[in-house]
Amino acid sequence: MSRIQKERDRLLASTARTVGLTATATALICLSVPGSLPLPLYLASLVLFACLGYAQWQLTSLLRLTLWMWVVVVAGVALILLHLLPGTSLGPSAISAVGVIGAASVACVCVLAVTSRSRVLLLVVAATATIASLAATLWLTGSRMVEPLVFTVTGWIALTATGIWLSRTVPRTLKRISTMSRAYRVERQASETEARRRQSARLLHDTVLATLTLLAHSGVGVSHSALREQAAEDAALLRQLRLGFTPDPARSGDYKLKPVEESTLGNTLESVKQRFRRMGLEVNWHGAGQVLLPSDVLDAFLLALGECLENVRRHSGVNEAHVTITDDETNVRAMVTDAGKGFDISTIDTGRLGFTESIVARLRDVGGNARLFSSPGSGTTVVLEVPK
Amino acid sequence: MTSIDERTVPRRTVSRGVGDERDALGRARLDLGFNVATVALIAFLLILFGLNVAEYPAVGLTIAAWVLIAITLVAALVLRFRLPDELPLWLYLGALALWAGAVALDIAGTWPTDGAVVPLTAATAVGPALLLCAPVRPARDIVLAATGLGLVLGVVVIVRALPDPQLLGPGLVTVAIAIAPPLVGVQIVRSLRTLVQLELDLVQVQSTVASPGYAIGMLASEELARLDLAAERLLDGVATGRTRLPLDEDTADAAASIATELRLHLIQGRKETWLYHAVTESALLGPAVTLTDPDGLAAGLNRDQRDGLLTAVWLLISDPVRAGSGQPRTLTLDISRPAGTYPRTSNPGATMEIVIETSGVPRNGVDPAAWQAIRKVGRYVESFSATTLRIAITTVSDPSGELG
């Protein structure tokens, strides 16, 4: 049984159960009005009511459904026929009770019966049996016939219509929803592409992050006009990124923002240098300038380097830093040194160093690491290492 | 400040469309099915009136009540296709007022003068008429109206049955015909709506099966766009001099937090698997599932395995919701390498063990479709201890299945 069918049957069954139990309770109260049935018959009817109610309750288990439907029909018809036994004309409450049993207690099975051919047979048999037993009971006891019979026919029509309509609506709706999965997939793809585009604009974000950090620290040591200039450049790049371009800033000549699989270190380092010069820190490069790195490694490496230099600028008290790049067969190493005031590593709050978890984690992600050496009065050295 | 073009800010346009669709589906074609039931019940009541018309003490009043009912039904027929999905409140209140009038007229018209009690018909017909409103008004409105109607009719019926208790039976049936249809209608509408929401959730979750093993995820992607925009605005403010330097404390804090979040988002997406995104993006799974997958092994599952795993988890959790009997179950999902396996990062063909644990599942109460789905993932062993169901699946990630 497919899932859609199961959901459909669940809904039909819970509707049938609600309708059936409500009707059964109503009929039970009607019969409980004094004078409706002689006491022994009333007690017998309670047993049948219990069967009827239990079977209706079991409908939602969806197990042995047809069996429970038959139990409902048999118990309901038996309850109607029970009213033959007194042999006298039925009072208003008893007529109401048999009417409700016929119109809804038994008829609740027709909500479920429309889903398969064998159950449609059950529906026809049950409807015939109910109406026949009701007519026979009322006629033989000489009671009013028209109202309960019309009521019963109404109940069967209304509930069958509800069943047919529900059993068609549910699968149709669910199928319609499943066609929407394509829309979701496309949306997911688009969002993934967009995120990758933004992430791959890593140099842009590198400079934006540096500027934001600078702003957050009240731009210590940088002139307001330099800060404004830098902010304007970054904002313009972000705007381009947002408008769907991949910024390739010819203007500053430094940023290389097209996603490239491999980049040389040299020209990108130059951009870092420019940026720090504007903020008053002279960065001196030493060593290899033409190292090729995979883009994610370069990404992590540059971000970490930028962080280190920002720390030098902010905390060292000097305006010059040296970056020595060396490489061997397997690794690229950057040593960032300053001759500033230094600090005692054991006392410093690592968060303030900018050695935030994310930066170190990012280096580790690409298989690299970072080490820090410093002591008060003798400057600081950070060694960043990434694999080639 | 250079103007920022709001129209180009990325938005989740598709999901908005989906939201509209969700509402439309919730109500879709609900009226048609109720129409037949309503017409059948009202026809019965009209026949009942016709059969006893000679005995009505003030037949004019009852006829007037029926005319009011007829007016609202004809109005409903005419307006049906011109109305928005939800019936406007004033129209609903208008209908309620007319129906209150019909109830009053019918009660007055059938008031027993010399012992002869005739059935309430037009007043009862208000119940089936309310059923028509069930798909187009919030459940609370219908329940309130049905309860009010039930109370009024109940009091009238009891008062009239005081001389002869046998009259209670027919009176009770009258009340039942009046209040049961709208209440059952509300229940159906609510179940359908739950069903639609769950299905939409499943469809959304399943869209992750085709995504790359490690993905950025829709939420993070949106967040990244938002942060870029926030950064742009801030920098723009500084550049144009609109924001004074040095920054005041609040703006400085904002800059710092944007930078931190941006940093985190830039490195994100490399660690989160499709499964993580599926769980966090789902309204159903998000609060209910605790996922532990430190090595990101889920990324190695192929499309079929992913589909199976998601479907199984979804079925296990949503079962009580779909049966209309309560809250989703909670579930833990642990993915790890079996003990003793040499840890090889993202190595194709790696063995993994997926353990699903959930409590409160009856022993035979697991949807058979869930087992079928689990079979698609790999070999499994299930065990029950007390109320906890534990399913341990051993599987091998598919070397060719690494998507994207």
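Here are a few friendly notes on this predicted model.

1. Conventions first. Residue numbers start from 1 along each chain as its sequence is written, with chains lettered from A and ligands numbered from 1 in the order in which they are written. Because this is a predicted model, local features need pLDDT of at least 70 and side-chain atom pairs count only at pLDDT 80 or more, while totals for chains, interfaces and linings use all residues.

2. Beyond its neighbours within four places in sequence, A:Val109 is in contact (C-beta atoms, placed from the backbone, within 7 Å) with A:Ala16, A:Met69, A:Val72, A:Val73, A:Leu122 and A:Ala126.

3. Chain B has an open sheet of five strands, ordered S1-S2-S3-S5-S4 with mixed pairing; strands (E, at least two residues) and helices (H or I, at least four) are DSSP runs numbered from the N terminus, and two strands pair if DSSP finds at least two bridges between them. Strands S1 (289-292) and S4 (379-385) of chain B are at the edges with a single partner strand each, so one side of each has no neighbour in the sheet.

4. S1(B) pairs with strand S2 (residues 331-336) of chain B in the parallel sense over four bridges. B:Val289 has B:Leu331 as its bridge partner in S2(B).

Key: Two residues are in contact if their C-beta atoms, placed from the backbone, lie within 7 Å.
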